[in-house]
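Let's take a walk through this protein together. Have the sequence and the 3D view open side by side as you read.

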Amino acid sequence: MSWLSARSVLYWAEQSATGVTLRDLCQIGLDRNLRREHGVFLHRELRIRLAQRVLELESLPYRLGERSGIRDVIEWYTGFVHLLEDKRFLLQFGVKPIQQPTESPVPYTEELDKEFTMLLTRVFEEHSEVIQAMAFGVQDLIAELREDYSHVQAEVDAILRRFFTARIGMRFLLQHHIESFRNREGHSGILQLACDPEVIARKAVEGIHHTNPGTFTYVPMHLHYMLTEVFKNSCRATVERHAESFDDPLPKVHCHIVHGDEDVTIRISDEGGGIARAALPNIWKFMFTTMKKTPWSGRRDDFRTKPGDSACNPLQRPKQGGVLAGFGVGLTLSRLYAQYFGGDMKILSLDGFGTDVYLHLNRLGTACEDLPQATPTNESHHESSIIQRPRIRSTSWF
């Protein structure tokens with residue numbers, strides 16, 4: 001890392017990040033003036049969040065920051081901070097613009113906002129295999145510690161939860177600004193104004209029961225990812241549980257959707273035998289999988305990504321093909337996506353019969369991002385400080 005990159009990362013990491021609400025982002029994406037103001041905010045905010053992740057990864061215990069995969073992420077994120085620097089910051093450290101070909105001006109104008117959006121597209125699409133890279137570094141630690149890994153797993157899981165929660169926020173803000181440059185009909189950026197959970201669920205499974213059908217503003221790709229992970233686990237458990245039933249029909253996996261005053265709740269029920277009570281604490285652990293053969297087998301020597309697996313989250317661009325299960329991150333990431341804007345995922349199991357998964361989604365859009373504790377939100381923690389409330393028009397989207 002050059003002295004300028006190190007100085008830049010340290011400076012921005014010491015700043016405070018600002019949490020935003022789903023409702024604010026929705027209205028920002030629909031108003032060109034608000035979107036341009038948001039671009040100015042984002043130009044600063046992204047450097048803060050990226051730099052905080054760099055310092056956090058560099059300070060990880062057990063030499064995690066030096067391990068293949070995680071070391072790559074540090075380099076990528078440092079490069080992104082450097083890419084987003086503007087002339088004013090560079091002059092502060094005595095660097096002339098001509099010495100810095102990647103200088104990124106603050107997008108105050110329409111033309112600069114267009115250039116900024118193109119830059120964000122580049123950042124978004126480059127090195128999208130961060131989840132696999134992080135997982136590879138942890139797998140390296142697991143291989144080194146073997147049985148002793150259980151003594152440090154709680155600490156490592158906490159580290160991964162913090163990192164991935166922050167990453168969800170960064171990727172969300174990136175893609176929302178990119179997509180809102182030219183909104184699709186019925187969308188504000190990546191937010192669908194009338195998202196129907198039944199339509200999303202039917203893309204993954206049949207047999208949906210929808211109580212008081214309705215829509216709400218949400219991110220369909222988030223919802224699709226979470227449902228796919230749950231359905232995948234339920235279907236696999238059902239098949240394995242009833243594998244010896246020969247020609248008998250398999251029990252159905254049921255999906256029940258309910259619209260409440262605050263939440264949209266989706267319950268997915270299966271008859272896959274359930275989860276033993278002793279094993280329940282493991283389901284939210286990173287790298288935990290019941291697959292006998294995992295995608296990590298034989299991949300200790302070098303970090304190489306393979307798109308198309310369950311590690312490819314909705315804010316990446318997965319390709320067709322590859323393995324769907326076995327990485328040990330899908331269910332835990334799904335809960336982080338649900339919690340990102342005030343929702344949650346809970347699992348109740350009847351050992352010997354089946355499992356119920358409850359997916360709670362905040363339909364009001366008033367919850368701030370679930371940022372890591374070391375990354376404070378604005379003082380109220382109830383509304384974004386990016387835009388002034390008097391300028392927001394009341395709507396009936398929520």
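The mean pLDDT of the protein is 81, with 77% of the residues at 70 or more. The chain is built from 11 helices and 8 strands. It runs to 398 residues, and 53% of them count as buried. If you take the contacts between residues at least 6 apart in sequence, 75% of those contacts join residues at least 24 apart.

You'll find alanine 17 in the loop between α1 (3-13) and α2 (22-30). Leucine 46 sits 29 residues away from alanine 17 in sequence, yet the two C-alpha atoms are 8.7 Å apart in space.

Now turn to a pair of helices. Helix α7 covers residues 130-145 and helix α8 covers residues 153-179; they pack at an angle of about 170°, and their axes are 12 Å apart. Because an angle over 145 degrees counts as roughly antiparallel, α7 is roughly antiparallel to α8. On the α7 side, the contact is made by Val130, Ile131, Met134, Val138 and Leu141, while α8 brings Val156, Leu160, Phe163, Phe164 and Arg167. Sort those contact residues by type and you get 9 nonpolar, no polar and 1 charged.

Next come the charged pairs. Side chains of opposite charge can pair when their charged atoms come close. In this model the count comes to 13 salt bridges. One of them links arginine 162 to glutamate 56, with the closest N and O atoms 2.4 Å apart. Arginine 162 belongs to helix α8 and glutamate 56 to helix α3 (residues 32-58), so this pair ties together parts that are 106 residues apart in sequence. How exposed are the two partners? Arginine 162 has 28% relative accessibility and so counts as partly exposed, whereas glutamate 56, at 14%, counts as buried.

Arginine 202 pairs with glutamate 198, where the closest N and O atoms are 3.0 Å apart. Both lie in helix α9 (residues 197-202), 4 residues apart, which is about one turn of the helix. Arginine 202 is partly exposed, with a relative accessible area of 34%. Over in helix α10 (residues 220-241), glutamate 240 and arginine 236 are also 4 residues apart, about one turn of the helix. Their closest N and O atoms are 3.1 Å apart, and they form a salt bridge. Here glutamate 240 counts as exposed at 52% relative accessibility, and arginine 236 is partly exposed at 25%. There's also a network: Arg63, Arg67, Asp140 and Glu144 are joined by salt bridges that share partners.

Finally, which parts call for care? Over residues 305-312, pLDDT stays under 50, and the model has 37 contacts beyond four places in sequence for them. Where pLDDT is low, the predicted coordinates should not be read in detail.

Conventions: Residues numbered from 1 in each chain as written. Predicted model: local features only at pLDDT ≥ 70, side-chain atom pairs only at ≥ 80, totals over all residues. Heavy atoms only, no water. Axes fitted to C-alpha atoms, helices over the stretch in contact; angles between N-to-C directions. Helix = DSSP H or I, 4+ residues; strand = E, 2+ residues; numbered from the N terminus. Parallel < 35°, antiparallel > 145°, perpendicular 65-115°, else oblique. Contact = heavy atoms within 4.5 Å. Nonpolar A, V, L, I, M, F, W, Y, C, P; charged D, E, K, R; others polar. pLDDT = per-residue confidence, 0-100. Salt bridge = Lys/Arg side-chain N within 4 Å of Asp/Glu carboxyl O. Buried < 20%, exposed > 50% of the residue type's maximum accessible area, 1.4 Å probe, protein only.
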